[in-house]
Amino acid sequence: MAMAMTKEAAEATEVVYDLQGTLLEACSCGVLCPCWVGEDPDPGTCDAFIAYHFDAGTVRGVDIGGLSLVNVVHIPGNVLIPATWKVAMFVDERATDEQLQALVDAYSGKLGGPLADLAGLVGEVLDVRRSPISHEIRGGAGTLQVGDVVSSEMAPFTSADGTITTLRDSVFSTVPGSPAYVSKASRNTVNLPEFGMVWSFEGRNAIQSDYRITFTEER
């Protein structure tokens, strides 16, 4: 009887999305990032990119493993103020139309869950584009290239014994439920003049993560 009830409970829920991969993020703030602990950005505003690579994952049953997505973001004040971010979204050029739509639906908040909470901070999506995206982590150091628009290199901080410095239980996160690795970007360059997003920073804040983000709902 107990086994039958467990089976019925499992059948009563559906995986909306299950995403696993790596995060590369860098911004205009100094090290360490105030936004993750709910404080105002160092310059008063924040210019950033948030880059997700999906080692494995599904969105409404659509396999998106191997793809990447990057949001280039302008935040005009405190990171937690709803509907204030401006975002230009770049989706891996290798994505099929079905995969692209699945990722856009998930990260624009249409499917609910923790990604909808994050999307609630966005006030305007300036554009959604396909682009070649190279998102790599080697020896703990991350590199990102999005066409001729975004270019960055970063590496995490470590303790005296080489353990990666980790940020947990923060009020804000771009990978809800997963720890983040506090990092520094030796280079963070964005060139999107059509949206007023043009910058080049050295030695400023970065975040990396190995994440898993899941959301299920009752049928």
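Mentor: Arg 60 counts as partly exposed, because its relative accessibility is 39%. The model is a predicted one, and every value here is computed from its atoms. The partner of Arg 60 is Glu 14: the two form a salt bridge in which the closest N and O atoms are 3.8 Å apart. Glu 14 belongs to strand S1 (residues 13-27), while Arg 60 sits in the loop between strand S2 (46-59) and strand S3 (62-63), so the pair ties together parts of the chain that are 46 residues apart in sequence. The relative accessibility of Glu 14 is 31%, so Glu 14 also counts as partly exposed; for that class the value has to lie between 20% and 50%.

Another salt bridge is formed by the side chains of Asp 127 and Arg 129, at 2.6 Å from N to O. Asp 127 counts as partly exposed at 25% relative accessibility, and Arg 129 is partly exposed with a relative accessible area of 25%.

The model has one cavity of 30 Å³ or more, and about 80 Å³ of space lies in the largest cavity. Its lining is made of 15 residues, and those closest to the centre are Glu 25, Cys 35, Cys 46, Ile 75 and Phe 172. The elements that contribute two or more residues to this lining are S1, S2 and strand S4 (68-75). S2 gives the most, with three residues. By type, the lining of the largest cavity divides into twelve nonpolar residues, two polar and one charged.

Within strand S2 lies Phe 49. It counts as buried because its relative accessibility is 0%. Leaving out residues up to four places away in sequence, Phe 49 touches Leu 24, Glu 25, Ala 26, Val 70, Asn 71, Val 72, Leu 144, Val 150, Ser 152, Met 154 and Asn 188. Glu 25, in that list, is also among the residues closest to the centre of the largest cavity. Gly 139 is 90 residues from Phe 49 in sequence, and their C-alpha atoms are 22 Å apart.

Two serines come next. Ser 173 lies in the loop between strand S10 (166-167) and strand S11 (180-192), and Ser 178 has its place in the loop between S10 and S11 as well. Ser 173 counts as buried because its relative accessibility is 16%, and Ser 178 is buried with a relative accessible area of 13%. A polar atom of the Ser 173 side chain lies 3.0 Å from the backbone nitrogen of Val 175. For Ser 178, a polar side-chain atom lies 3.1 Å from the backbone nitrogen of Arg 212. Apart from residues up to four places away in sequence, Ser 173 touches Trp 36 and Leu 118, whereas Ser 178 touches Ser 209, Asp 210, Tyr 211 and Arg 212.

Finally, helix H2 (residues 97-107) has eight of its eleven residues buried, so it is largely enclosed by the rest of the structure. The buried residues of H2 are Gln 99, Leu 100, Ala 102, Leu 103, Val 104, Asp 105, Ala 106 and Tyr 107. Just after H2, Gly 109 adopts a positive phi of about 90°.

Notes: Residues numbered from 1 in each chain as written. Predicted model: local features only at pLDDT ≥ 70, side-chain atom pairs only at ≥ 80, totals over all residues. Heavy atoms only, no water. Helix = DSSP H or I, 4+ residues; strand = E, 2+ residues; numbered from the N terminus. Buried < 20%, exposed > 50% of the residue type's maximum accessible area, 1.4 Å probe, protein only. Polar contact = N/O pair within 3.5 Å; in protein donor to acceptor, adjacent residues only side chain to side chain. Contact = heavy atoms within 4.5 Å. Salt bridge = Lys/Arg side-chain N within 4 Å of Asp/Glu carboxyl O. 1 Å grid on protein atoms, 1.4 Å probe; cavity = no way out; pocket = protein on both sides within 12 Å on 5 of 7 lines; lining within 4 Å. Points joined across faces, edges and corners; volume = space filled by probe spheres on them. Nonpolar A, V, L, I, M, F, W, Y, C, P; charged D, E, K, R; others polar.
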